[in-house]
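Hi everyone, thanks for making time this morning.

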Amino acid sequence: MSEQSHGGPEHSGAVEHAGVEESGKYAIDNPGIPPHRPRLADEDPRAAKRAERQVAVLFGISIIGTVLFFVGYFVVGQIGPDTEIGTVRLQNMLLGLGTAFSMLGIGVGIVHWAKTLMPDHEVSEARHEVRTEEDRQVAVGMIDDIVEESQFKRRPLLRNTLIGAVALAPLPAIALFRDLDDSDNRSELATENFGVERLRHTMWDSGVRLVRDPTGTPIKASDVTIGSAFHVIPEGLNELPPTEHLNQKAKAVVLLMRLDPQDLQISPEREDWNVDGIVAYSKICTHVGCPVALYEQHTHHLLCPCHQSTFDLTQECKVIFGPAGHALPQLPITVNEEGFLVAQSDFHEPVGPAYWERG
Amino acid sequence: MGAWLIPMSTSSTTEYQASTPTGKIANFVDTRVGASPMVREFGRKIFPDHWSFMFGEVALYTFVILLLSGTFLAFFFDPSMAHVTYLGSYKPLYGVPMSTAYASTLDISFDIRGGLFMRQVHHWSALLFVAAMSVHMLRVFFTGAFRRPRELNWVVGCVLLIMGLAAGFTGYSLPDDLLSGNGLRIIDGVIKALPIVGSYISFFLFGGEFPGDAIVGRLYILHVFLVPGVILLLIVAHLFMVVVHKHTQYPGPGRTENNVVGYPVGPVYAAKAGGFFFIVFGIIALISGLFTVNPVWNYGPYDPSPVSAGTQPDWYIGWVDGALRLMPGVLGDFSFKWDIPLPWGTNTLAMGVLLPMIPAAILIGTMIAWPWLERWVTKDNREHHILDRPRNAPTRTGIGVAGVIWYCTMWAAASSDLIATHFGVSLNDVTYWLRGIFILGPFIGFIITKRICLSLQRKDREIVLHGREAGVIEMTPDGEFRERHERLDDYRLYQLVSFEANRPVPAQPGPDGKISGGEKRRAKLNRWFYEDRVEPVSRAELAEAKTHDHHDVPDALAATGSRGTLEH
Amino acid sequence: MKALSQKRRHPIAGLALLLLGLLITGGLYSVASTMNQAQAATTGSTYSAEDITEGEKLFNANCATCHGYEAVGTEDGPTLVGVGAASVDFQVGTGRMPMQMQGPQAQAKPKQFNDEQTAQLAAYVSSLGAGPSIPDEQYLDTDHEDVDLGNGGTLFRVNCAMCHNAAAAGGALTRGKFAPGLDGVSEKHIYEAMVTGPQNMPVFSDSNIKPEDKRDIIAFLKEIETQGSPGGAKLGSLGPVSEGLFIWTAGLALIVGFMVWLTTRSS
């Protein structure tokens with residue numbers, strides 16, 4: 001406490017001036033801590049009593065808040081299958097208001113107490129150097145002794161072999177993480193390829209029927225009227241085990257739309273990829289992989305809701321706006337003898353975001 | 001040898017015996033762990049009081065609330081991606097296939113009393129946690145509190161902010177709902193764009209192909225153990241350094257570089273800081289009771305096919321998402337997907353994804369390195385415990401505002417679709433405008449801010465020299481009307497004059513007597529930093545202004561009978 | 001301002017002031033489609049000859065400027081031959097037609113024709129060529145015993161949520177177009193929108209989504225609309241953006257208010 005000086009009336013901080021080195025530095029010298037200005041409660045016992053009552057009331061509000069919490073918890077009671085959403089909302093609100101009053105009552109009460117009744121004299125405390133020169137010299141001396149006693153410098157053989165050992169020792173820990181991806185050991189699908197090759201292939205293949213997502217019902221060409229959009233998965237996807245189902249679905253989802261064939265600008269090699277204006281495109285954005293599911297039937301634009309990449313369906317889903325760097329891959333489709341839409345083959349390029357090995 | 005000496009020494013002096021029960025317990029603890037020296041050290045430690053110093057406390061308190069609510073949630077949450085059919089209480093999802101993680105999140109919300117409340121407390125606290133850290137860092141930046149000796153604590157703070165983002169993102173993804181699933185898919189797309197290692201990192205992260213069945217469990221252990229553990233350690237280091245350095249203070253009467261002026265920990269500061277914890281908790285509870293956050297029941301379970309309009313990350317990841325949105329993927333016929341022919345085949349660089357990561361790297365890199373950058377430019381290696389008022393460091397303030405504008409532009413871009421629908425404008429136009437602001441905004445912001453700072457400094461000078469406008473119009477004996485000016489008292493005056501206007505430091509020759517190229521560049525930057533400046537009022541100017549007052553104004557004042565305003 | 005009045009009706013009136021401040025920041029108001037509830041009771045696809053003649057008169061007076069006589073279409077408006085009664089009932093019944101002015105898309109507004117006139121217009125247009133008719137009452141009955149909310153929600157997310165948002169709050173399309181929020185849209189109009197594909201919305205014909213499935217979707221929408229959010233005020237159901245905006249405005253304002261109070265000296 002000897003290093004502190006009070007700004008209180010009995011020991012006015014106003015006389016404490018800045019250090020000599022600061023004198024004359026600025027237009028006026030540091031006038032010191034302003035004299036303490038007493039508060040109402042410092043001088044008027046009734047004001048102090050009033051502040052005390054206010055704090056007590058605030059603590060009382062906190063108690064009421066805690067009670068309110070229990071009202072919400074026990075009176076509203078257990079929630080479950082028969083509970084209306086409105087009841088869940090009411091309970092949540094009571095728990096929230098109860099906790100809020102409970103906490104704010106305590107918090108505001110304590111702070112009000114501190115502000116009105118506890119002493120508010122500003123006090124000055126000296127700072128110390130983070131490091132004194134004396135400490136530094138002692139520490140350096142100690143470290144020198146420690147290094148010397150350990151003989152670390154005198155025995156380079158020990159030092160160098162230790163460095164080598166320590167450098168190598170963590171490597172097993174890194175290798176240990178190799179099997180974070182153990183999927184090639186436990187593949188259930190015979191068709192699955194190793195490593196990045198998996199990103200090139202989807203479930204689509206010659207003759208695989210296009211079916212509705214999520215019901216899995218096949219689609220006749222005649223079902224697809226102009227202006228409609230179908231969200232499509234390959235037949236057989238729903239029969240896969242759950243994880244495999246999601247992994248394959250993440251690559252295979254397709255958007256199927258029908259346009260007036262005259263609106264389509266088709267490059268020569270894709271001429272037989274559509275069925276009377278029915279076209280199928282990968283739904284996975286070539287930017288970072290969100291489903292590009294927004295189809296505007298008059299402008300024939302496909303929009304990704306995540307980053308607004310816009311693809312023009314009439315120009316084979318070329319990018320016309322936004323951050324995607326290349327067109328959506330097209331799925332070549334045809335009709336089988338029963339009139340159902342089927343794929344001619346897999347996609348001719350990897351679907352989804354570009355990656356290093358994509359080529 | 002010393003073992004038998006100790007009883008002897010204690011027997012010679014009588015040990016203190018406590019009389020009350022509390023005293024006995026306190027004495028027991030004290031004699032075992034030595035609490036007395038700690039009380040002596042901290043009991044009356046001084047902390048300066050200013051509202052802007054409390055954002056760090058808000059961050060600390062929200063972190064405590066996060067630990068408390070998170071522990072509750074962990075008792076009920078099941079981080080498994082095993083497939084189940086939901087048969088719980090929320091009817092619009094009844095019978096829908098989903099992961100166990102999502103189902104248990106719904107159970108917490110609809111079948112456990114207080115579960116929904118705790119979820120909302122946890123999520124709102126997380127949003128406030130990062131917001132409080134951000135504002136705290138802005139305060140530290142704009143007041144120059146990062147300068148020596150606090151550079152390392154600034155870095156710890158930066159890492160805390162980054163860990164806060166990590167904690168937030170790992171938590172956001174846990175419920176395995178449609179919104180967070182699409183967020184993960186975006187992360188996967190960004191990772192895959194990394195050259196050479198991208199695809200493999202993606203496979204390692206997801207345990208194979210996206211989405212796999214491993215990611216939620218992996219993020220869970222990061223979210224509940226590793227990341228909060230690191231945050232906790234860093235908070236300890238952060239607070240330890242605050243104690244070592246003692247808190248900074250704003251310039252003002254009685255405050256010097258060698259002292260700290262404020263209130264002692266016990267009782268005032270402890271009461272205020274302790275009470276503030278309850279206040280923060282109360283505010284969060286109030287918000288959580290009344291406002292929905294992250295309504296996972298709306299989004300449905302993750303499925304790679306659907307997506308919701310308005311798919312956005314939580315606000316603190318928004319700026320990175322916004323950078324992705326601002327980047328054009330193609331310009332005319334030029335695509336930013338580069339196929340590079342190499343001897344072994346063609347490899348692909350998705351520059352449309354990689355380039356938007358550069359602003360993020362620049363912002364974070366500059367933020368961490370700033371104390372050293374500024375020290376190098378200004379050659380100011382002194383300790384600073386008195387803060388800069390932002391206006392008194394116009395160039396730093398300008399740079400800070402430029403950074404904030406850059407960040408906010410990216411941030412706004414992440415909600416471009418909502419800006420479009422809510423203000424009835426075209427989505428595409430919003431993007432075009434934001435691209436423009438992204439490039440020009442920081443420069444304009446810098447120039448305007450610097451000018452504002454200099455103007456504010458000039459206004460301070462005016463006030464020091466001629467007093468403050470009193471809002472009273474007076475008539476002089478010759479019939480002229482003028483506003484009365486009141487001189488400030490010394491306490492107010494000192495605050496306005498006690499700063500240094502740094503002058504440019506010209507290039508210094510090195511030890512070899514030559515001026516190196518780096519030193520020339522430094523001197524150039526240094527001039528840019530300091531050439532526009534407003535000097536504080538000097539002693540002579542103030543004396544001159546006072547004489548001027550006494551010659552000019554007293555008659556007028558005497559006429560109105562208001563003496564005393566010119567004292568000091 | 002409609003959203004504001006919605007908030008005011010919320011049970012938590014005590015925080016109305018807080019919300020007001022938030023609303024002024026411009027981030028919170030929901031898309032709040034101004035579609036009005038139409039109570040048209042006309043069902044079935046048979047119209048009397050009198051309806052058709054009355055409808056033709058109305059059409060020639062109000063619609064032919066853009067859509068042409070006999071609804072063959074002009075440069076300003078498409079042909080309506082074959083769009084069906086459902087399309088007319090939707091466009092006129094929600095006030096989208098007649099259009100106030102050319103724009104990115106027709107906006108919902110207070111409707112210009114009463115239910116009878118709307119039915120007459122529908123009768124006339126459907127007489128010009130076959131198209132989707134006004135839906136059967138049984139597919140609009142959201143309390144029907146076969147209704148499966150889970151199925152409705154799943155189909156909504158796959159087919160609709162990408163434009164209309166998972167909580168049906170609406171979303172942006174390209175170049176100023178948007179998908180409206182679906183709160184307050186009648187069952188019939190939702191159904192008609194699906195079968196006719198108004199504006200840029202794709203058509204979801206009965207061969208794509210069965211009428212029973214459409215009923216599930218409508219029932220799902222009505223369920224989430226009437227139930228509201230269990231967590232309290234919905235903040236427009238706009239997701240993380242409105243949540244972030246809220247914590248940065250109202251949340252931090254509360255915190256800073258307490259901070260300032262806490263550090264000012266007591267008088």
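**Charges, patches and domains**

Let's start in chain A, where A:Asp223 and A:Arg212 form a salt bridge, with their closest N and O atoms 3.4 Å apart. This pair links distant parts of the chain, as the two residues are eleven residues apart. A:Arg212 belongs to strand S3 of chain A, while A:Asp223 sits in the loop between strand S3 (210-212) and strand S4 (229-234). Before I go further, please keep in mind that this is a predicted model.

Are these two partners buried or exposed? A:Asp223 has 18% relative accessibility, so it counts as buried. A:Arg212 comes in at 11%, so it counts as buried too.

How many salt bridges does a search of the whole structure find? Over all chains, the search finds 51. Let me show you a couple of others.

In chain B, the side chains of B:Lys337 and B:Asp339 meet in a salt bridge, at 3.5 Å from N to O. Here B:Lys337 is buried, with a relative accessible area of 15%, whereas B:Asp339 is partly exposed at 38%.

Over in chain C, C:Asp206 pairs with C:Lys214, and the closest N and O atoms of that salt bridge are 2.6 Å apart. C:Lys214 is buried, with a relative accessible area of 0%, and C:Asp206 is partly exposed at 38%.

There is also a network of salt bridges, and it links A:Lys25 with B:Asp380, B:Arg382 and B:Glu500.

Which residues form the negative patch in chain C? They are C:Asp136, C:Glu137, C:Asp141 and C:Asp143.

B:Ile221 has a relative accessible area of 46%, so it counts as partly exposed.

Finally, let's step back and look at how chain B is divided. Domain 1 covers 15-44 and domain 2 covers 51-330. The C-alpha centres of these two domains of chain B lie 39 Å apart.

Note on methods
Residues are numbered from 1 along each chain as its sequence is written. Chains are lettered from A and ligands numbered from 1 in the order in which they are written. This is a predicted model: local features need pLDDT of at least 70, side-chain atom pairs count only at pLDDT 80 or more; totals for chains, interfaces and linings use all residues. Side-chain values use heavy atoms; hydrogens and water are left out. Patches are made of residues with over 30% relative accessible area and no salt bridge: like charges are joined within 9 Å, nonpolar side chains (Val, Leu, Ile, Met, Phe, Trp, Tyr) within 5 Å. Accessible areas come from the Shrake-Rupley method with a 1.4 Å probe; for residues, only the protein chains shown count as cover. A salt bridge is a side-chain nitrogen of Lys or Arg within 4 Å of a carboxyl oxygen of Asp or Glu. Lys and Arg count as positive and Asp and Glu as negative; His and the chain ends are not counted. The place of a charge is taken as NZ of Lys, CZ of Arg, CG of Asp or CD of Glu. Buried means under 20% relative accessible area, exposed over 50%, partly exposed in between (1.4 Å probe, protein chains only). Domain bounds come from an automatic or database domain assignment. Helices (H or I, at least four residues) and strands (E, at least two) are DSSP runs, numbered from the N terminus.
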